[in-house]
Every structure is written in structure tokens, then in C-alpha cells.
Amino acid sequence: MFDLNLGINLYLIAAAILVFVVIVAAVKTVPQGMHYTVERFGRYTRTLRPGLSILTPFVERIGDKINMREQVLDVPSQEVITKDNATVTANGVTFFQVLDAAKAAYEVTDLEVAILNLTMTNIRSVMGSMDLDELLSNRDEINSRVLRVVDSAVDPWGVRITRIEIKDINPPPDLTAAMARQMKAEREKRALVLEADGARLAAIARAEGEKQSLILAAEGRREAALRDAEARERAAQAEANATTSVSEAIAKGSVQAINYFVADKYVGALRDLAAAPNQRTLILPVDAVATLGSLAGIAEIAREAFGPHPAGASPPTPPPPATDPWSDINARLSGVTRAAETAAAPQSAVPPAGPAREADAAATAAPQEGVRTDRFRRISEATEALAERLARHDLGGR
């Protein structure tokens with residue numbers, strides 16, 4: 001009886017173990033992001049997706065476990081000879097994702113090594129077809145060309161290449177130094193061009209400013225010349241009118257008009273000589289007696305203009321101040337005559353002879369010169385006052 005019970009217990013234990021082993025062999029759990037291939041007697045039958053799956057115990061088994069997530073593969077550095085025979089070192093990274101677990105498991109052996117070798121080969125091929133300058137400046141084009149080639153090559157493996165990036169392109173040290181010198185020379189050239197352009201613009205601006213300045217100066221000179229010409233024209237017109245009046249008077253037989261005209265010219269010339277800024281020694285080119293005679297002619301002209309002295313009667317329309325024109329004119333003529341006589345006196349005096357004469361002349365030259373200038377100024381002022389009085393009398397009396 002005891003032996004029968006022991007046999008039953010062993011049978012049950014064996015059955016339990018067998019059931020446990022069958023369950024373990026039949027039930028499979030696939031994690032997220034993974035795909036399992038199922039083989040029946042060594043032949044692929046199906047792919048298990050994430051979750052709980054049931055296999056036929058002892059008939060089916062798990063083949064390959066494929067990672068379906070995007071993966072990164074480092075591309076090691078390798079030497080590349082460019083189109084212009086420059087040797088550079090390049091490396092990069094490759095991003096890929098398995099789309100078909102069965103193809104990735106059974107179409108290629110060692111998928112990552114295959115993708116790595118394919119990427120390195122195509123990098124050398126693409127970069128070898130380009131010049132060094134193009135290689136250094138068109139990295140995006142290199143990435144896109146390598147990506148297209150590698151992606152089409154791994155398509156039968158059920159893999160998609162998402163990105164290929166070239167990380168570093170390192171020329172040899174001597175070539176790097178030459179490139180640095182070239183870059184420096186290029187930047188210096190740009191700096192020189194910019195400085196020359198700035199100097200050109202500055203020169204143009206200065207030339208424009210000088211041009212405008214010259215134009216404005218020329219316009220100023222033209223305006224001044226026009227105004228000077230206008231002034232000379234008016235002065236000539238006034239002189240012509242005065243000459244016409246004198247000519248008419250002469251034609252009527254008035255000799256005093258001639259005397260007045262000549263005396264006015266004499267006095268004007270003497271005034272100009274006395275008022276000259278660089279005048280130090282005055283030499284009278286005219287006879288003082290003739291000048292006095294001319295002044296006497298002026299007095300005669302005044303008498304003819306005003307007529308006989310009204311003897312106490314005031315002029316019809318005397319200008320301010322209301323005084324007798326004859327007394328004022330006579331007083332001014334007397335002053336003019338005395339000043340002319342005084343101015344003429346040194347010319348007629350006989351100077352002493354010898355060294356004493358030279359010392360005396362040197363001692364008295366400066367004061368006499370000032371005295372002469374003052375006397376002729378007084379003569380000019382008296383004559384101008386006489387002319388003004390005559391003009392006022394002519395305008396108010398006629």
C-alpha cells in the first residue's frame with residue numbers, strides 16, 4: 001500500500017514538472033520595441049510582436065530578437081583622398097531603424113557591421129569625388145548624397161537609414177596652416193578694399209563740398225560784379241547829367257560854370273591826394289593861386305545862383321538851420337581861402353641851406369605833413385559843404 005502511494009506521488013510530481021516546462025516553453029512575452037522571429041524545426045514561420053504569445057512547445061522556438069527602435073551607429077575616422085589629391089580625415093554617425101524583423105534577421109548577417117561598412121565606403125566615394133574647398137563648404141550635400149546611396153543599399157535588409165551626419169573633416173596640419181594663411185590674406189584683402197572704398201567715398205564727399213563752395217563763391221563774385229557795374233553805371237549816368245548841365249550852362253555863355261567845374265575837379269583831386277592812406281609827402285601838382293582862383297570862381301557861381309545879397313532878407317525856403325546862406329557861404333569860403341593860402345605857404349617858402357636845413361626838415365617834416373593833410377581835409381569839407389548848400393538852394397529856391 002505504501003509503495004502504491006509513493007508511485008502515485010512521483011507520478012504527480014513528474015506531471016507537474018512536465019506541465020511547468022510545457023508552459024514555460026509555450027508562453028512567451030515580447031517587450032515593447034522588440035520583435036521576435038519564430039522558427040518551426042529551424043524554418044521561419046512568423047514574427048512575435050510586443051505582448052504575450054503562445055508557441056507550440058518543443059516544435060517552435062524563438063529565432064532572433066530584433067530591436068525595432070531607431071539606433072545610432074558611430075562611423076570611425078578614416079582617411080579620404082579628395083579629387084584634388086588632398087588627404088583628409090573624416091568621421092560621422094549613422095541613424096537607422098529596422099522596419100522588417102524577418103528581413104533584418106535572415107537577409108544579412110551581422111546587420112550593424114554591414115551598415116557600418118556600407119556607410120564608410122560610400123563616404124569615401126562621395127568625398128573623393130569633390131575638391132577640398134567644395135568638401136569643406138558643402139557638408140550638407142555630402143550628408144544627403146551618402147544617405148541616398150546607403151538607404152537604397154539597405155532597403156533589402158528591411159532597414160531604413162534616417163540620417164547620416166559627417167562630424168569632422170580634418171585636413172593635414174600643413175594644409176591647415178596654408179588654409180589659415182589663405183583665409184588671413186583674404187580677410188586682409190577685404191579690409192584693404194573696404195578702406196579704399198571708404199577713402200574714395202570721402203574724397204568724393206570732399207570734392208562735392210569744394211565744388212559747392214566754389215559755385216557759391218563764383219555766384220557771390222558775379223552778384224558783386226553786377227552790383228558794382230550797376231553802381232558804376234549810375235555814377236556814370238550822374239556824371240553825364242552833370243556834364244550835360246555844365247555844357248548847357250557853357251552854351252548859354254556862363255564862364256563861371258567852367259570855373260566851377262574846373263575848381264570842383266581840383267578840389268576833388270587834392271582831397272584824394274590828402275586822404276590817401278600811404279601818403280607821406282604831399283607834392284602839389286597844381287598852382288595854389290589857380291586853386292584860389294577856382295575858389296573865387298565858386299564864390300562867383302554862388303553869387304550868380306543866389307543873386308544880389310538880399311541885405312537882411314531871408315531866403316524864400318531856407319533849409320534847416322534857418323540862417324542866411326550868404327553869410328554861411330562867405331564864412332566857409334573865407335575858411336577855404338585861408339586854408340588854401342596856409343597849405344600853399346610851405347611850398348613857396350625858401351628852406352635853409354646846409355646840414356641845418358636837413359635837420360630842420362627832418363624835425364618838422366612829420367608835423368608839417370599832418371598839418372597839410374588836415375588843411376586839405378578842411379578844404380575838401382568846406383568845398384563839399386558849399387556844394388551841398390548850392391544844391392539845397394537850387395532845390396528850394398528855384
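User: How many helices and strands does the chain have?

Analyst: This is a predicted model. Its chain has 10 helices and eight strands.

User: What share of the residues counts as buried?

Analyst: Burial is judged by relative accessible area, with buried meaning under 20%. Here 27% of the 398 residues of the chain count as buried.

User: And the surface: what is its area, and what part belongs to carbon and sulfur atoms?

Analyst: The accessible surface of the chain comes to about 25,500 Å², and carbon and sulfur atoms account for 58% of it.

User: Which share of the contacts joins residues at least 24 apart in sequence?

Analyst: Counting contacts between residues at least 6 apart in sequence, 67% join residues at least 24 apart.

User: Which residues make the nonpolar surface patch?

Analyst: A patch takes in residues with over 30% relative accessible area. The nonpolar one covers about 800 Å² and consists of L6, L10, I13, I17, F20, V21, V24 and F58. F58 lies in the loop between β4 (51-54) and β5 (60-67).

User: Is F58 buried or exposed?

Analyst: F58 counts as exposed because its relative accessibility is 60%, and the cut-off for exposed is over 50%.

User: Which residues form the negative surface patch?

Analyst: D84, D131, D133, E134 and E141 form the negative patch. One of them, E134, sits in helix α4, which spans residues 132-137.

Methods: Residues numbered from 1 in each chain as written. Predicted model: local features only at pLDDT ≥ 70, side-chain atom pairs only at ≥ 80, totals over all residues. Heavy atoms only, no water. Helix = DSSP H or I, 4+ residues; strand = E, 2+ residues; numbered from the N terminus. Buried < 20%, exposed > 50% of the residue type's maximum accessible area, 1.4 Å probe, protein only. Contact = heavy atoms within 4.5 Å. Areas by Shrake-Rupley, 256 points an atom, 1.4 Å probe, with all protein chains shown as cover. Patch = residues over 30% accessible without salt bridge, like charges linked within 9 Å, V, L, I, M, F, W, Y side chains within 5 Å. Salt bridge = Lys/Arg side-chain N within 4 Å of Asp/Glu carboxyl O. Lys, Arg positive; Asp, Glu negative; His and termini not counted. Charge placed at Lys NZ, Arg CZ, Asp CG, Glu CD.
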